[in-house]
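Here is a friendly walk through the structure on your screen. Keep the viewer open and follow along, heading by heading.

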Amino acid sequence: MSATTAPRIEAESNDLLGWLTTTDHKRIGILYLTTSLAYFAVAGLLAIAIRTQLARPDNAVVTPEQYAQLFTLHGTAMIFLVVAPFALGLANFLIPLQIGAADMAFPRLNATSYWMFLFGGLTVFAGAATNEGAAGNGWTSYAPLSEIAISTGLGQDLWIVGIFLVSVATILTAINFVTTAFIYRAPGMTMWRIPIFTWEMIATSLLIFMAFPSLAADLELLFVDRNLGGHAFDPAYGGNALLWQHLFWFFGHPEVYVMILPYFGVVSEIIPVFSRKPIFGYTGLVLAAFAIAGLSMGVWAHHMFTSGAVDDPFFSAVSFLIAVPTGVKFFNWIATMWRGRIVLATPMLFCIGFLINFLLGGVTGVMIASPPIDFQAHQSYFIVAHMHYVLGGGSLFAIFAALFFWWPKMFGVKLDETLGKVCFWLLFVGFNVTFFPMHLSGLYGMARRVYTYPANGPLPELNMIATIGSYVMLLGVLVFVWDVIVSTRRHEPVPDDPWGGYSLEWATSSPPPEHNFDSLPPIHSERPVFDARHPELTPP
Amino acid sequence: MTSDWVLFIACGAGVALLVWGLILFAVFRWRVRSSDDGGLPPQFSSNNVLEISWTLIPLALVIALFVFTYRVEARVEAVTPRPAVSVDVTGFRWGWTFAYAGGPTITGTALAPPQLVLPAGETTRISITSSDVNHAFWVPAFLFKRDAIPGLVTTFDLRPVETGTFQGHCAEFCGLQHALMGFTVRVVSPADYTAWLHGGHT
């Protein structure tokens with residue numbers, strides 16, 4: 001049973017000062033979400049510039065210097081400032097509501113995290129205003145390339161400092177999530193009744209504790225090398241060039257799951273509601289999340305198979321094993337839909353899109369866990385395709401599912417469904433037209449991070465197709481923006497529970513009051529709001 | 001290595017088609033039509049036999065894939081004690097040096113890419129490193145790449161079978177002209193190789 005002493009709730013004003021000084025988890029969540037969507041808009045436009053440059057061989061839309069900055073900022077922003085923090089924002093909004101709490105455990109720490117995240121991202125982008133431009137060594141910024149001897153610009157230092165701020169903010173937020181979920185659950189909300197999304201955020205937070213300190217250490221070493229005369233990655237002085245990769249991927253692979261487990265949670269919330277059934281295999285889903293989190297700590301060197309320095313088959317074996325709990329989740333989602341009454345509303349469409357796209361990313365993930373396959377695929381466009389199927393076709397589709405699903409709860413307005421479906425189909429078709437051909441480009445020998453490619457062979461056609469797809473995706477995002485504008489101006493009143501939801505956030509008003517709940521329904525299962533709606537089905 | 005690709009694509013396509021099929025079947029079979037009365041379907045939520053089998057069957061599949069891949073990897077990474085040819089490869093921004101043991105040293109840059117000449121059907125030992133930042137020696141036609149990392153020398157064997165000229169690239173981002181850091185590999189008959197070695201290296 002949980003403690004019931006909620007933090008003291010003070011009235012916050014609704015003006016700018018109220019938002020700037022807020023410690024309300026819902027406002028911080030919305031700040032996180034809108035900030036990450038703003039970064040998404042920027043990172044998406046950078047991607048359009050990348051695809052425009054690559055539309056034809058020997059194109060000169062941008063210079064090689066600009067191209068390096070484009071893919072660096074695109075990757076850095078999508079990973080550190082969009083996909084991961086969107087999940088943190090959503091969890092900020094949802095965790096206290098889902099467990100029946102009034103706020104997060106540490107509201108002021110929560111606000112601190114948000115501002116560090118915002119300014120960390122701005123610090124990275126500030127590099128674009130320096131003489132030599134923003135950082136241009138990719139989101140992985142491998143040393144020794146990123147050392148001062150070669151990357152002389154201030155942009156690389158701003159990248160280090162900005163990402164360091166974001167990683168500290170992420171660790172602080174994870175502390176908040178775990179403490180809140182463990183301590184502030186409402187009476188009756190036992191651990192085995194908390195919604196899957198909150199479970200996934202607990203697993204995500206544990207991963208953050210283990211992975212992000214390694215990134216922080218890596219960034220500190222690089223900062224010392226660049227600014228204080230260190231030689232951590234410089235073999236000429238006894239340093240080790242491979243050390244950057246070890247520390248980076250010890251963070252970087254768990255980070256993949258920091259960017260996907262929350263979205264497993266999102267689809268685990270949405271699919272049951274639109275199948276009108278309970279989630280299938282609740283216990284299995286929770287255990288699978290922790291199995292994925294645990295295994296993902298032991299696979300970092302599969303990013304280094306081609307180094308020739310880590311031949312240990314351990315890393316390949318553990319990478320294969322991750323497919324098992326991931327498969328368990330897939331079968332549970334399908335079993336949830338099985339014999340249900342499937343309502344194809346926009347959030348459900350995006351979840352189905354998530355399942356279809358992510359599956360291909362998972363299959364190619366198992367392929368590249370095999371070193372002989374990785375020897376060809378590594379650092380080629382095959383990898384670009386693989387990771388975009390995971391983070392774009394997977395996480396990004398779940399982001400849109402979450403936006404359409406929880407928008408009424410956050411803002412008291414439902415997004416237009418017709419425009420939502422147009423948005424889905426444009427994004428789904430655009431996504432696959434953009435990224436499927438990249439598997440083939442990689443196999444035909446196109447390396448990552450190149451601003452041009454040979455004009456002979458199939459690469460020009462494959463790249464032109466991908467570029468056309470990216471414009472279709474841009475159109476899809478514009479339809480979403482249009483949907484937000486239209487729906488906000490129309491401002492039709494929406495009931496507190498427009499979808500027939502299951503978890504406690506649907507038991508309060510839309511948007512919820514500052515203290516979250518006036519009263520809570522009795523909690524006898526993992527879907528108390530469903531139980532309250534169907535007392536005839538409630539277990540005794 | 002081709003066998004690994006064929007097996008994994010076959011297994012991957014099989015699994016993907018099965019799961020996509022299940023997803024689309026469920027969606028089309030049980031989607032709500034216009035005659036929706038808002039009723040509830042059966043509220044089942046677990047089945048131990050199903051859950052254990054969809055854990056154990058994929059587990060068996062990935063173990064089999066791992067055993068297969070382990071054998072292929074051992075073959076790919078095996079190095080012979082006495083290779084016919086030995087070449088020291090050094091990557092630099094932005095070009096390559098190919099230094100033949102007891103033979104010529106060939107250097108080329110992005111503007112004039114170097115050519116690596118190899119005898120067909122014989123084993124060539126490559127020892128690779130870098131003199132500045134990380135690069136990677138990639139010949140797509142050989143389905144193989146290996147990083148060139150400063151301060152670290154690693155070795156691998158190439159045993160090309162077909163003669164011909166193959167395009168190679170740097171695969172690890174190494175700065176502005178990474179995209180142009182190419183080279184070619186010309187595989188010739190052993191007799192032609194000997195002639196090349198003792199002739200003018202052209």
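## Where the two chains meet

In this predicted model, the contact between the chains draws 71 residues from chain A and 63 residues from chain B. On the chain B side, six elements each supply at least two residues: the helices α1 (2-29) and α2 (48-77), and the strands β6 (135-139), β7 (144-148), β8 (154-158) and β9 (164-170).

What kinds of residue does chain B bring to chain A? The side of chain B that touches chain A divides into 40 nonpolar, 14 polar and nine charged residues.

## A helix pair across the interface

Now pick out helix α12 (residues 346-368) of chain A and α1(B), whose axes come within 10 Å and cross at roughly 165°. An angle over 145 degrees counts as roughly antiparallel, and α12(A) and α1(B) are therefore roughly antiparallel to each other. Their crossing is right-handed.

From α12(A), the contact is made by Ile352(A), Leu355(A), Ile356(A), Leu359(A), Leu360(A), Val363(A), Val366(A) and Met367(A). Facing them from α1(B) are Phe8(B), Gly12(B), Val15(B), Ala16(B), Val19(B), Trp20(B), Ile23(B) and Val27(B). The residues of this contact divide into 15 nonpolar, one polar and no charged.

## The nonpolar core

The largest nonpolar core has 232 residues, and those with the most contacts inside it are Val267(A), Ile270(A), Cys351(A) and Ala401(A). Which helix gives the most to this core? That is helix α3 (residues 64-99) of chain A, with 23 residues.

Setting aside its neighbours within four places in sequence, Ala401(A) is in contact with Val266(A), Val267(A), Ile270(A), Pro347(A), Phe350(A), Cys351(A) and Phe354(A). Among these partners, Val267(A), Ile270(A) and Cys351(A) are also on the list of residues with the most contacts inside the core.

## Two helices within chain A

Val267(A) also takes part in a helix packing, where α8(A) meets α11(A). Helix α8 (residues 261-275) and helix α11 (residues 323-337) of chain A pack at an angle of about 15°, with their axes 9 Å apart. Angles under 35 degrees count as roughly parallel, and α8(A) and α11(A) are therefore roughly parallel to each other. This crossing is left-handed.

In α8(A), the residues involved are Phe264(A), Val267(A), Ile271(A), Pro272(A) and Ser275(A), and they meet Lys329(A), Trp333(A), Thr336(A) and Met337(A) in α11(A). The contact of α8(A) with α11(A) divides into six nonpolar, two polar and one charged.

## Two partly exposed positions

Thr123(A) lies in helix α4 (residues 107-126) of chain A. Buried or exposed? Thr123(A) is partly exposed, because 19 other C-beta atoms lie within 10 Å, and a buried residue needs 20 or more. Not counting residues up to four places away in sequence, Thr123(A) touches Leu158(A), Val161(A), Gly162(A) and Leu165(A). Thr123(A) and Asp157(A) are 34 residues apart in sequence, with 9.6 Å between their C-alpha atoms.

Gly500(A) sits in the loop between α16 (459-490) and α17 (528-533) of chain A. With 15 C-beta neighbours inside 10 Å, Gly500(A) also counts as partly exposed. Gly500(A) and Arg276(A) are 224 residues apart in sequence, yet their C-alpha atoms are 8.4 Å apart in space.

Note on methods: Residues are numbered from 1 along each chain as its sequence is written. Chains are lettered from A and ligands numbered from 1 in the order in which they are written. This is a predicted model: local features need pLDDT of at least 70, side-chain atom pairs count only at pLDDT 80 or more; totals for chains, interfaces and linings use all residues. A nonpolar core is a set of buried Ala, Val, Leu, Ile, Met, Phe, Trp, Tyr and Cys residues joined through C-beta atoms within 7 Å. A residue is buried if 20 or more other C-beta atoms lie within 10 Å of its own, exposed if 12 or fewer, and partly exposed in between; C-beta atoms are placed from the backbone. Helices (H or I, at least four residues) and strands (E, at least two) are DSSP runs, numbered from the N terminus. Two residues are in contact if their C-beta atoms, placed from the backbone, lie within 7 Å. Axes are lines fitted to C-alpha atoms, for helices over the stretch in contact, and angles run from 0 to 180 degrees between N-to-C directions. Angles under 35 degrees count as roughly parallel, over 145 as roughly antiparallel, 65 to 115 as roughly perpendicular and the rest as oblique. A crossing is left-handed if the near helix is turned anticlockwise from the far one by less than a right angle, and right-handed if clockwise. Ala, Val, Leu, Ile, Met, Phe, Trp, Tyr, Cys and Pro count as nonpolar, Asp, Glu, Lys and Arg as charged, and the others, Gly among them, as polar.
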